[in-house]
Amino acid sequence: MQRKIWINGNYINWEDAQVHILSHSHQRGSLIFGFIPIFDNEGVVSIFRLNDHIDRLFTSCISAGIPLDYSFEEIYFAIKDTVRKNPGSKFVKISVYISSIEVDVVPQDPFSTVAIAAYDPQEDIISKNTQPFHSSKELSVWLEKEKHQRRSDIIPPQIKIAGNYTSSMMAKWQARKNGYDEIILTDENGFITEAPTSNVFLVNNDGDLLTAPEKDVLYGITRKSIIDIAKNEGIKIKVERIPLLELENAKEVFITSSSHLVCPVIKIDNKFVGNGVIGDLTARLKKRFLDITQSKDEIFNYWLEKI
């Protein structure tokens, strides 16, 4: 079908959504974005935790100093309308970027453009590219030893800005060439933080669920959801700095994101995690999360924003 993309209040065809090669966001990596799952349950289409995603978008823009000339309500209704205009979409991506052609790192015309695209990644992108797409439902992970987590004194990890992903992209690309699916990053002091586009959880030998504190990682909406689910299930959860030894001795490890949802890690540095299969707690949390996305959970059903 012909996808329509919302740009500053107008809909244009997918193939016409273009920006100049010398635009500030293209040259300087100053694009802010959000990536939100869409779930279709027997014809009832819902956007996952839409308000939380929009909050994070505004927080990123404010923290990075990128102007956003729309209100929360305007973005909210524009996203819902874009999803309606693009049936069959699995995700919606919103981008805030400075599209003007610029010379300096500080833009002369600091006016942002907002674009909203709703689409099916497999149908609209992956199937049309020339090379195979790398995908795995159970991950073999490389613990990155050289490039560290995004530092708050450079660009805070909470800012979802394009330039914040360059270092981890380089490390993950190399790991892929070496046969791994994903990487896990540490901070400059060697504590476990997250993956390039995902948050990390582990289960220790006491059966506790551990994840890094919010100040050290991206404000992951799926991460937040898993923490809420764990509390509801009575699972003991520790949100604290995680020494490397905890990861090396973990019974279970999994990552969370809008694209992965909940995905088990079965190997780290070619060594099995636990017994090398999805762990009991991981499976339990994954099932509960999927039940929520399928509108089968009365407690957290409000996370699904019907369009």
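Mentor: Strands (E, at least two residues) and helices (H or I, at least four) are DSSP runs, numbered from the N terminus. The model is predicted, so local features need pLDDT of at least 70 and side-chain atom pairs 80 or more, while totals for chains, interfaces and linings use all residues. Numbering starts from 1 along each chain as its sequence is written, and side-chain values use heavy atoms, without hydrogens or water.

Now the pocket. A pocket is an open set of points on a 1 Å grid over the protein atoms alone, where a 1.4 Å probe fits, with protein on both sides within 12 Å along at least five of seven lines; lining residues have an atom within 4 Å of a point. The second largest pocket has a volume of about 470 Å³, the space filled by probe spheres set on the points, which are joined across faces, edges and corners. It is lined by 17 residues, and I5, A17, S95, Y97 and A115 lie closest to its centre. β1 (4-7), α1 (24-28), β5 (91-98) and β6 (112-119) each give at least two lining residues. β6 gives the largest share, four residues.

Next, S140. This serine sits in strand β7 (residues 139-143). S140 is buried because its relative accessibility is 12%, and buried means under 20% relative accessible area with a 1.4 Å probe, protein chains only. Leaving out residues up to four places away in sequence, S140 touches Y180, D181, E182, K267 and N270; contact means heavy atoms within 4.5 Å.

Last, the cysteines. C61 is buried at 2% relative accessible area. C263 is buried too, at 4%. The disulfide count is zero, taking a disulfide as a pair of cysteine sulfur atoms within 2.5 Å.

Methods:
Buried < 20%, exposed > 50% of the residue type's maximum accessible area, 1.4 Å probe, protein only.
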